[in-house]
Amino acid sequence: MYTQSMDLSRETAAAAATHAEQAFEARIAADRMVEPQDWMPDAYRRTLVRQISQHAHSEIVGMLPEGNWVTRAPSLKRKAILLAKIQDEGGHGLYLYAAAETLGTPRVQMQQALLDGRAKYSSIFNYPTLNWADVGVIGWLVDGAAIMNQIPLCRCSYGPYARAMIRICKEESFHQRQGFESLLAMMRGTESQRAMVQDAVNRWWWPVVMMFGPSDAESIHSAQTMKWGIKRISNDDLRQKFIDATVPQAELLGITLPDPDLRWNAERGHYDHGPINWDEFWQVVGGDGPCNRERIAARQSAHDNGAWVREAAAAHAAKRAARSRAEAA
Ligand SMILES: [Fe+2]
Ligand SMILES: [Fe+2]
């Protein structure tokens, strides 16, 4: 008797699981969003936590290369713009950690994974900012590439991530334009300012082209994330879209992109580009880029120095909760 009832409940549970799985599949097929309270496969949840937290880490680590120039911005106007942009990036990190937390992983766990080197962030932020034009180039190219990547994410199948991306993309577009405008001002300036812009473009172009990730054939997560509606456009297609949009902007600025093979292909209706140095990409992703150690050390020291703030905030929250419990009693 007992055995039979156990079997029955097992069958009922299995039927419910199948039903939930079918509902999930139907939702994805109909392009309807998945929300935190909906059933989702464990692998979908894990993939989202990995991707969203990686994205959040990129926003936070991305504040460091630009932060390097806050005290040396050439005018009050440029300093105010740079501060606003860096603050926006901190905000992006917060929206994204909050979106990832809706999947059940606490923020502190995600941040620990970053500090331990178990979680990745965008390889681009492991390059140094050597002259003031680097700040403009980061806005123009790095934020420009980020927008290409992020606009399709506004239609991602997971609701909280998609909604965070809508807000983030609006701010990224300001970042891209301020970068271009700052470079345009320098290109209209002196010979040495123009040389600084060209030098910065020479150093950043290829790392930015690599930001879209390995080519489709080598991207281990791409096929499944496309099937789940998390990713909508492949790495290679996004890279091509970015290059096609950027070449005319480079011409307008009057700089040369450091790729001798870059030329318009009328047959394809796209720009062809030269080979990408994937060895460099994997080296930087693997932790051995020019600034990997410096970036994690900066995050670790911010984490350590912020311990008292977290403790004070937690104590304050506990006190408030206790007070409202006492008032309710
Ligand atoms: Fe951002
Ligand atoms: Fe940005």
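Is Cys169 buried or exposed, judged by relative accessibility? In this predicted model, Cys169 counts as buried, at a relative accessibility of 10%, because burial is assigned to residues under 20% relative accessible area. Cys169 is found in helix α7, which runs over residues 159–187. When residues up to four places away in sequence are not counted, Cys169 touches Gln150, Ile151 and Cys154. The C-alpha atom of Gln150 lies 6.8 Å from that of Cys169, with the two residues 19 apart in sequence.

With regard to the overall architecture, the protein contains 13 helices and 2 strands, and its C-alpha trace spans about 90 × 60 × 35 Å along the principal axes. Of the 329 residues in the protein, 46% are buried. Among the contacts between residues at least 6 apart in sequence, 76% join residues that are at least 24 apart.

Once its neighbours within four places in sequence are left aside, Ile52 is in contact with Leu96, Ala99, Ala100, Leu103, Tyr158 and Tyr161. Between the C-alpha atoms of Ile52 and Glu21, by comparison, there is a separation of 23 Å, the two residues being 31 apart along the chain.

On the α2 side the contact is made by Ser53, His57 and Val61, whereas α5 contributes Met110, Gln111 and Leu114. The spacing of such residues may be read against the geometry of the α-helix, which has 3.6 residues a turn, so that residues three or four places apart point the same way.

Helix α12, comprising the 14 residues 292–305, reaches 20 Å from its first C-alpha to its last, which is close to the 20 Å expected at 1.5 Å a residue. Within α12, Asn292, Arg295 and His303 are buried. Seen down the axis of α12, these buried residues fall within an arc of 75°, and they therefore line one face of the helix. The face of α12 turned away from this buried side carries the exposed residues Arg293, Glu294 and Asn305.

Most residues other than glycine have a negative phi. Asp31, although it is not a glycine, has a positive phi of about 65°.

Terms used:
Residues numbered from 1 in each chain as written. Chains lettered and ligands numbered in written order. Predicted model: local features only at pLDDT ≥ 70, side-chain atom pairs only at ≥ 80, totals over all residues. Heavy atoms only, no water. Helix = DSSP H or I, 4+ residues; strand = E, 2+ residues; numbered from the N terminus. Expected span 1.5 Å × (residues − 1). Buried < 20%, exposed > 50% of the residue type's maximum accessible area, 1.4 Å probe, protein only. Arc of directions from axis to C-beta. Contact = heavy atoms within 4.5 Å.
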